[in-house]
Amino acid sequence: MHLKVLFCFSFLLLSAGITTTDAAHTTFTRTYDQRILLENGLGRTPQMGWNSWNHFGCKIDEKLIRGTADAIVSTGLATAGYEYVNIDDCWAELHRDSQGNLVPKTETFPSGIKALADYVHNKGLKLGIYSDAGSVTCSNEMPGSLGHEEQDAKTFASWGIDYLKYDNCNNHGISPQKRYQKMKIALQNSGRPIFYSICQWQNNPATWAHEVGNSWRTTDDIADSWDSMTSRADENDKWATYAKPGAWNDPDMLEVGNGGMTTEEYRSHFSIWALAKAPLLIGCDTRSMSNETYEILSNKEVIAIDANTLGVQGVKVNKHGQLEVWAGPLADNKAAVILWNRGDSTRHITANWSDIGLNSTTVVTARDLWAHTTRYSIKGHISVPVKSHACKMYVLTPQ
């Protein structure tokens, strides 16, 4: 199917709405400023950091978390914007203590979470933690927070936690709206600002979670493969109009550097996530990443698209077979454009100005965000060869 989304830049800048046109020429408009958001002052741009799950699963301990924080600082990833160091599932003992409190595993976190938070904070970073809106977490190795929301939120705050990833396993069939709302209130009453990441994609959370959390999952878990990554991109794209500063669609964490995709595929992964204003949560081992992985994760020009102050999620605007154009508006009347070749051979891809809401006579400069080069005086369209499973990413600036 031939898809187009036309961005009207002046309208976007005035009212932050998007008009979308499909092949049947039906149109709808959504204005963002009519929605009520969770206002905890966090997530004005999509969250950036690291999470333990994709690479390590349950094989985590305090040495890993400290070493990861060290690496994020020493490699310069912290200065690129990565700030959260997030512990995922399996950090707590299976049973609470006699007062009903969560207990860090003595074998793997003997110093306790507060000491770990102090260490991470002293590095200039923030510490995140994981729980579940059910009785037991998804690993079945530690308790969830269902029925303990106020107690756990206060515990997290007392430890100095800055981020909560809140999962959806073993939930006893209670609606997610009820369970996630209860933790929202508990976090608000905890006395500490804590970023609230909703890790559930049932019941169309994009339609309700903006009043509850700072981000919400739009897809099933990602895997370190081309098919998984591309399908998550497509699923997330459906919910683009619901994203806004303070409230973001989340197609799951980054797999860049975990070894299941090529360098070009990982560049595509990172580019699409940045255009889609997705959370940029590193999922590899930052202590031993390759130069290619670091080059992708530290590309400040691509990161700047994710963190652009306009806060409008880019979308797929044109598709011919496996050749796609994705685009989105940026502040200062600029546009970000990705030419993405999902096919098996090198092909030319063209982005016409009509695809992205520019007048056909508009002259732009095109900044290539991966080659770090600039082309001047381009009018009407941009067309380049793109390798298989690779992309080209540009910022277009009208002259």
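What follows are my notes on charged side-chain pairs.

The model is predicted; local features need pLDDT of at least 70 and side-chain atom pairs count only at pLDDT 80 or more, while totals for chains, interfaces and linings use all residues. Residues are numbered from 1 along each chain as its sequence is written, and side-chain values use heavy atoms, with hydrogens and water left out.

Entry 1. I looked up the total and found 20 salt bridges (a side-chain nitrogen of Lys or Arg within 4 Å of a carboxyl oxygen of Asp or Glu).

Entry 2. I checked D118, which pairs with K114 at 3.3 Å between the closest N and O atoms. Both lie in helix α4 (residues 113-122), four residues apart, about one turn of the helix. Helices here are DSSP runs of H or I, at least four residues, numbered from the N terminus. D118 is partly exposed at 34% relative accessible area, and K114 is partly exposed at 42% (buried is under 20%, exposed over 50%, partly exposed in between; 1.4 Å probe, protein chains only).

Entry 3. I turned to E235 and R232, whose closest N and O atoms are 3.8 Å apart in a salt bridge. They are three residues apart in helix α7 (residues 226-237), about one helical turn. E235 is partly exposed at 27%, whereas R232 is buried at 11%.

Entry 4. I noted a salt bridge between R267 and E295, with the closest N and O atoms 3.4 Å apart. R267 lies in helix α8 (residues 263-275) and E295 in helix α9 (residues 291-297), so this pair ties together parts 28 residues apart in sequence. E295 is partly exposed at 28%.

Entry 5. I also recorded one network, in which salt bridges with shared partners join D234, K316, K319, E324 and R342.

Conventions: Helices (H or I, at least four residues) and strands (E, at least two) are DSSP runs, numbered from the N terminus.
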